[in-house]
Amino acid sequence: MPPQEPTRRLRSRAVKVGMVSALSVTLVACGSKSTVARCVDREDLGGRKVVSDYKCDVDDIDDGGSYGQYYWYYGGSVRNGYVSGGSSVRPDGKIKSRSGTTLSRGGFGGRGGGGGG
């Protein structure tokens, strides 16, 4: 029976390695999740009309919002030029524009890149 004992230990190690690998893949996937930010027109009477991103100020993403005519709206889906189902409250994590440009990396104090105006 002694020859079988090392095989059991090897299986046990293989299971541990597999579990650690699965956990690390899950953490990386969760850490890379991003939210899409859309620039919308506050004054459009039909709802949150999506406009060109250049109308919103990129600095507003990290500074807590905008009080002008245009502001960032996070998540949701767009139908017929209007966004629904998202939020005007900035979520934690990475924020990307509709075109895929990283606007904010989230996390501890770092600002994202991009331009605005």
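**Confidence and strand pairing in a predicted model**

The protein averages a pLDDT of 73, and 59% of the residues score at least 70; pLDDT is the predictor's confidence in each residue, on a scale from 0 to 100. The structure is a predicted model, in which local features need a pLDDT of at least 70, side-chain atom pairs count only at pLDDT 80 or more, and totals for chains, interfaces and linings use all residues. Residues are numbered from 1 along each chain as its sequence is written, and side-chain values use heavy atoms, with hydrogens and water left out.

The secondary structure comprises two helices and seven strands, arranged from the N terminus in the order α-β-β-α-β-β-β-β-β. These elements are DSSP runs numbered from the N terminus, with helices (H or I) of at least four residues and strands (E) of at least two. Confidence is lowest in helix H1 (residues 4-31), where the mean is 49, and highest in strand S2 (residues 49-50), where it is 95. Over residues 19-30 the pLDDT stays under 50, and the model shows zero contacts beyond four places in sequence for this stretch. Residues 108-117 also have a pLDDT below 50, but there the model has 18 contacts beyond near neighbours in sequence. A contact denotes heavy atoms within 4.5 Å.

Of the contacts between residues at least 6 apart in sequence, 54% join residues at least 24 apart. The accessible surface amounts to about 8,200 Å², and carbon and sulfur atoms account for 54% of this area; accessible areas were computed by the Shrake-Rupley method with a 1.4 Å probe, and for residues only the protein chains shown count as cover. Among the 117 residues, 22% count as buried, meaning under 20% relative accessible area (1.4 Å probe, protein chains only), with exposed set at over 50% and partly exposed in between.

Strand S1 (residues 34-41) is largely enclosed by the rest of the structure, because six of its eight residues are buried. Pairing between two strands requires that DSSP find at least two bridges between them. S1 pairs with strand S3 (residues 70-74) in the antiparallel sense over five bridges, and Ala37 stands opposite Tyr74 of S3. S1 and S2 also run antiparallel and are joined by two bridges, with Lys49 in S2 as the bridge partner of Asp41. The pairing of S1 with strand S6 (residues 94-96), by contrast, is parallel and extends over three bridges; in S6, Ile95 is the bridge partner of Thr35.
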